[in-house]
Amino acid sequence: MFPTIDQAKPGLKKLIAALGETYPYASVLAEADDRRDWRINRAGIGISASGTGGAAGFVVRVFDGVGCAEYSFNEFSEAKVPEICALMAKRLAEQNAATAEFQPLPTPIPADDPAGLKKETGWKINPRELGDEAILGKITAIREKALAVDERVLDANVVVASKAYRKLFLSKNRDLDQTVMWTTAGMAVMASRGQEIKMSYKPFSVLGGAELLDVMDGGVEQVVGDALALLDSQPIPPGEYDCVCDPSTTGMIVHEAFGHGVEMDMFVKDRAQAKQFIGEYVASPLVTMHDGSAVDEAATMFFDDEGTLTGDTVIIDRGVLKTGMCDALSAARLGVAPTGNGRRESYERKAYTRMTNTYFQGGDCTPEEMIASVEDGFLLECPSSGMEDPKNWGIQCMVTTAKEIKGGKLTGKIYSPIVLTGYVPDLLKSVTMMSSAPELSGSGFCGKGHKEWVKVSDGGPYMKARIRLG
């Protein structure tokens, strides 16, 4: 896929060689992607080829021991090598002159250990080969199936997105090439009774292709049932309760409670409290947190946008905060090894420390055992949004459904919507049970603040904890 990468590679190697005559470190990232979205609801159907990604382009990076300079471009030929070299020299000189009047952060030269790799993820059905007409036919049938379940169903909004991308990273000692395809989908069902309207939503994702459509078809009855059940929901009495979180709610807690807070570019800027707690207990001994590509989900990749090979980063080990996740420059400034989390929204954007597949490890309980252990509490399902304060470890998340548990049994009573709040270490130290099988979902994107969107996955097992709800 993406033969333009192969065509550009010989010239890019000459660019690296030319820059290497002047700078102790130089690299180039080349990328090409193909993104397509399909949707259907009562307003009609839509197809879009736009979305998060940068189509085809390049970013070159040099370090001189004092500073670092980057340049992104979307046209390249071997004839442009001298022009790019001259531009990099000018940019670095201007940058170093601009920072001469104050003391900038140190900019160490990244490690460049030899590495070679060429990998691609698998897929069963390539969406582009399946074709727009077939995909629209499948999601139309899914929508009609949802509408036919009950006359109270007002509408079903079905969305599918798929992206294939290829990235090539070159430096003096590295030649890395990866091709990845992910597909995500979502189904939102609206149901009404009189003037009251409720909506349920279920995401789907796969490191693969359009085979996901069959999985979504199998989830129609559940989504419709959830929407109808919400018609009988009521506001929750505020308080602190024993809660069993489903895997998607656990994933939101992982992402918001301890995801952004351990992105180590925030350590460099002293904007994350976690920096002061490395080696300390911040959670129950039942909590082990991972980030990386030890699992296959939509955010899986083989190397990051700075040429660091990815793997499995254990952030919390049995309750103890062991490390964070970091990009190459932050790692060099902190004197630690990079973890493969340097990611760009596109070749036109800066690399930041970003999560990939972030999740809690499983335990040895069953969801049924966890529910049976709750005397007065709730089963939390279907998270919708969340935010955290890395500086003060506060968390606030929205959950659509809280199912009442009394005497170890679900009563059938449903409360909605739910606000989940608290102090992160208090919440995580209250964890007393984990189910055995973590589940991840990669249907969403994550921003750095209000921008810089990248694909992420999160999840975990069913988790029992003491949580403040309102």
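Colleague: Where is Pro417 found, and what is the peptide bond from Ser416 to Pro417, cis or trans?

Modeller: Pro417 sits in the loop between strand S18 (409–415) and strand S19 (418–423). Most peptide bonds are trans, and most residues other than glycine have a negative phi. Before we go on: this is a predicted model, where local features need pLDDT of at least 70 and side-chain atom pairs count only at pLDDT 80 or more, while totals for chains, interfaces and linings use all residues. Residues are numbered from 1 along each chain as its sequence is written, and side-chain values use heavy atoms, leaving out hydrogens and water.

Colleague: Which residues have a positive phi although they are not glycine?

Modeller: Arg318 has a phi of about 50°, and Trp393 has one of about 60°. Arg318 belongs to the loop between strand S11 (312–317) and strand S12 (320–321). Trp393 is in the loop between strand S16 (376–389) and strand S17 (394–406).

Colleague: Why is Arg318 called exposed, and why is Trp393 called buried?

Modeller: Buried means a relative accessible area under 20%, exposed means over 50%, and partly exposed is in between (1.4 Å probe, protein chains only). Arg318 has 54%, so Arg318 counts as exposed. Trp393 has 1%, and therefore counts as buried.

Colleague: What does Trp393 touch?

Modeller: Contact asks for heavy atoms within 4.5 Å. Not counting residues up to four places away in sequence, the partners of Trp393 include Phe258, Phe277, Tyr423 and Pro425.

Colleague: And what makes Thr250 buried?

Modeller: Its relative accessible area is 0%, so Thr250 falls in the buried class. Thr250 lies in helix H7 (residues 247–258). Leaving aside neighbours within four places in sequence, Thr250 is in contact with residues including Phe360, Tyr462 and Met463.

Colleague: How do you know that Lys14 forms a salt bridge with Glu78?

Modeller: A salt bridge needs a side-chain nitrogen of Lys or Arg within 4 Å of a carboxyl oxygen of Asp or Glu. For Lys14 and Glu78 the closest N and O atoms are 2.8 Å apart, and the pair qualifies. Lys14 is in helix H1 (residues 3–20) and Glu78 in the loop between strand S4 (68–73) and helix H2 (81–98), so the bridge ties together parts 64 residues apart in sequence. Lys14, at 45%, is partly exposed, and Glu78, at 42%, is partly exposed.

Colleague: What about Lys167 and Glu31?

Modeller: Their closest N and O atoms are 3.9 Å apart, and this pair is also a salt bridge. Lys167 is in strand S6 (residues 153–171) and Glu31 in strand S1 (residues 25–41), so parts 136 residues apart in sequence are tied together. Both Lys167 and Glu31 are buried.

Colleague: How many salt bridges does the structure hold?

Modeller: There are 32. Arg61, Glu70, Glu306 and Arg344 are linked in a network of them.

Colleague: What makes Lys269, Arg271, Lys350 and Lys391 a patch of positive charge?

Modeller: Patch members have over 30% relative accessible area and no salt bridge; like charges are joined within 9 Å, and nonpolar side chains within 5 Å. Lys and Arg count as positive, and these four gather on the surface. Arg271, for one, has 48% and counts as partly exposed.

How values were computed:
Helices (H or I, at least four residues) and strands (E, at least two) are DSSP runs, numbered from the N terminus. Accessible areas come from the Shrake-Rupley method with a 1.4 Å probe; for residues, only the protein chains shown count as cover. The place of a charge is taken as NZ of Lys, CZ of Arg, CG of Asp or CD of Glu.
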